[in-house]
Amino acid sequence: MQKNIELKVELLQHNAEPEMIAALAAKLCYSGAELSDLQKKVSSAEQTDFIQKLIGMGHFSVFEHISFSFGIEGVSRALTHQLVRHRLASYSQKSQRYVKAGAEFPYIIPHTIKNNSQALEIFNNAMSQIAECYNKLSALDIPAEDARYVLPNACETKIIVTMNARELLHFFALRSCNRAQWEIRELSDKMLALCYDTAPAVFEKAGPGCCNKGCTEGKFTCGQAALVRKRIAALKKH
């Protein structure tokens with residue numbers, strides 16, 4: 001029986017003072033002062049207005065000094081295939097070469113299938129048949145790296161992701177959009193909430209285009225900008 005698998009996202013590590021390092025980097029660009037003097041000024045100043053000014057100016061390079069590492073589990077291989085397209089990041093994923101899927105591998109069930117009893121039965125039967133094939137191949141001493149070829153995108157996986165704040169702002173703009181695939185959108189929303197808690201000035205306006213200047217999807221717009229803005233605002237108040 002397939003156990004219920006939940007998406008879990010944990011912020012494993014980040015800069016001790018993320019907004020301070022971005023502010024220091026920005027002030028260094030525009031000042032002839034010594035670094036030690038700038039550090040004193042930055043550490044004693046209110047950074048929110050300055051950070052927001054930098055974002056308004058489009059001076060995003062300073063946010064590359066802010067790093068976040070996330071531990072993610074309860075996601076599918078379909079999701080991680082999308083995730084790794086974000087190239088300015090580092091990834092370490094559970095290997096299907098070295099970690100065998102087991103007698104009954106865990107898998108992610110899309111909501112549309114989970115909420116349709118007939119579709120759910122078809123889906124679960126398919127997963128059972130795949131597990132049986134995988135186990136038969138393993139019994140024939142086929143190595144895991146070859147037996148895995150029968151495994152589906154639905155396979156549950158775990159991954160550690162490190163991104164800088166500039167890439168995260170780009171990631172949230174694309175993946176928290178209603179047009180994003182549902183699973184990576186749920187992941188993006190959880191990551192956004194964690195980032196906002198850590199560096200609210202940096203991520204105050206984080207989210208899809210409709211939360212700021214306007215939808216960037218053109219004729220493919222979801223037409224639900226008000227609902228998207230409400231969802232993103234709720235993430236920042238949790």
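A cavity is a set of points on a 1 Å grid over the protein atoms alone where a 1.4 Å probe fits but cannot get out. This is a predicted model, in which local features need pLDDT of at least 70 and side-chain atom pairs count only at pLDDT 80 or more, while totals for chains, interfaces and linings use all residues. Residues are numbered from 1 along each chain as its sequence is written, and side-chain values use heavy atoms, without hydrogens and water.

**Cavity**
- The structure holds one cavity of 30 Å³ or more.
- About 50 Å³ of space lies in the largest cavity, a volume being the space filled by probe spheres set on the points, which are joined across faces, edges and corners.
- Its lining (residues with an atom within 4 Å of a point) consists of Q52, I55, G56, A201, V202, E204 and K205.
- Helix α3 gives the largest share of this lining, three residues; helices are DSSP runs of H or I with at least four residues, and strands are runs of E with at least two, numbered from the N terminus.

**Aromatic pairs**
- There are seven aromatic pairs, counted where ring centres of Phe, Tyr and Trp (its six-membered ring) lie within 6.5 Å, with planes under 30 degrees apart stacked, over 60 edge-to-face and the rest tilted.
- F68 and F203 pair edge-to-face, at 5.7 Å centre to centre and 75 degrees between the planes.
- F68 lies in strand β2 and F203 in helix α10, so this pair ties together parts 135 residues apart in sequence.
- F203 is buried at a relative accessible area of 0%, where buried means under 20%, exposed over 50% and partly exposed in between (1.4 Å probe, protein chains only).
- F68, F70, F171, F172 and F203 form one aromatic cluster.

Notes:
1 Å grid on protein atoms, 1.4 Å probe; cavity = no way out; pocket = protein on both sides within 12 Å on 5 of 7 lines; lining within 4 Å.
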